[in-house]
Amino acid sequence: MDTVALAVTDGMLNFELSMAYEVFAADMTGVADPWYDIAVCGAGAVRLGRFRLEPDHGLDQLPRADTVIVPGWADVDEDPPADLVDAVRAAHEAGARVASLCTGAFVLAAAGLLDGRRATTHWAHTDVLAARYPRVEVDPDVLYVDGGRVLTSAGKAAAMDLCLHLVRLDHGSSIANTVARRLVVPPHRDGGQAQFVTTPVPAPDNHPLAELFPWVMERLDHPLTVEDLARRASMSSRNLGRHFKAVTGTTPLQWLLTQRIRHAQELLETTDDSVDAIAEATGMGTATTLRRHFNRTVGVPPDTYRRTFRVRRMGG
């Protein structure tokens, strides 16, 4: 069972902390066994806004965890506590995977974990992070950055995106989707922070592509083109591209490919269908095409992915 440690101290944001706890402390009995063993670690009782929290363990337990989560830091103008920074650095040196949520990136940066790395934080603080830590390659236009053993997320809801991404890495797409459904959140969002900086997140039925998305999802086995999507949306291909960029942060073809890959992941995890059959069911056409796109997107061939997550679903 993987251990997830939440590193807490005075001045952290309770929203991100609670969100991470909801994901990694969920009761997944009968769905994913074993699940995570979660520990809340701090130097002592901490104040989170109007809430008081009693940690289970001290910060000295962080190096024993498999994954360390650092929630958002409320006041980025203040230096994070030295004992927290030292403990996070020690955990990384001990081999832990370290992830920050929102402004928790400032703690990772202070520990030197982001030097020479691409990272992100809440869009309102990306300039501050870049100015204070010039060795960090700050990307203001992503929801999260997966750097392997060091991961960072943008603000608030993007923290959930990163938590679900970690579940997807550990337990596969199907389990991550189950967690998302229980929390009534999307299992994955496309695009970056830029779409949220000046405009609100569109309501499900409040943008020009609202009816197009479910139509496409029901026809992933069809060889859809941009022209097909534009025709269905009753707009030109160029206008469709503009709306896709505004709503999803990506192009129609890239979005469509992403949906096909995700559907392929679920079929690999939950069925015995051959790769040829899955290629047909996801609109990839041939097993060769599926393997090429899947390997490039997921990082492993479909057969390897299936073996890995079949074993994990069976508790091996």
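Tutor: Cys163 is buried, and its relative accessible area is 0%. Cys102 is buried as well, at a relative accessible area of 3%. A disulfide is a covalent bond between the sulfur atoms of two cysteines. The cysteine sulfur closest to that of Cys102 belongs to Cys163 and lies 12 Å away, which is too far for a bond, given that a disulfide requires the two sulfur atoms to be within 2.5 Å. Cys163, for its part, takes part in no disulfide, its nearest cysteine sulfur being that of Cys102 at 12 Å. Searching the whole structure gives zero disulfides.

As to confidence, the model is predicted, with an average pLDDT of 87 for the protein and a score of at least 70 for 91% of the residues. Residues 194–204 have a pLDDT below 50, and this stretch makes 13 contacts in the model beyond near neighbours in sequence. Where pLDDT is low, the predicted coordinates should not be read in detail.

The helix contact is between H6, residues 173–183, and H11, residues 252–270. Their axes come within 8 Å and cross at roughly 105 degrees, so H6 is roughly perpendicular to H11. On the H6 side the contact is formed by Ser173, Ser174, Ile175 and Asn177; H11 contributes Arg262, Gln265, Glu266, Glu269 and Thr270. By class, the residues of this contact of H6 with H11 comprise five polar, three charged and one nonpolar.

Notes: Residues are numbered from 1 along each chain as its sequence is written. This is a predicted model: local features need pLDDT of at least 70, side-chain atom pairs count only at pLDDT 80 or more; totals for chains, interfaces and linings use all residues. Side-chain values use heavy atoms; hydrogens and water are left out. Axes are lines fitted to C-alpha atoms, for helices over the stretch in contact, and angles run from 0 to 180 degrees between N-to-C directions. Helices (H or I, at least four residues) and strands (E, at least two) are DSSP runs, numbered from the N terminus. Angles under 35 degrees count as roughly parallel, over 145 as roughly antiparallel, 65 to 115 as roughly perpendicular and the rest as oblique. Contact means heavy atoms within 4.5 Å. Ala, Val, Leu, Ile, Met, Phe, Trp, Tyr, Cys and Pro count as nonpolar, Asp, Glu, Lys and Arg as charged, and the others, Gly among them, as polar. pLDDT is the predictor's confidence in each residue, from 0 to 100. Buried means under 20% relative accessible area, exposed over 50%, partly exposed in between (1.4 Å probe, protein chains only).
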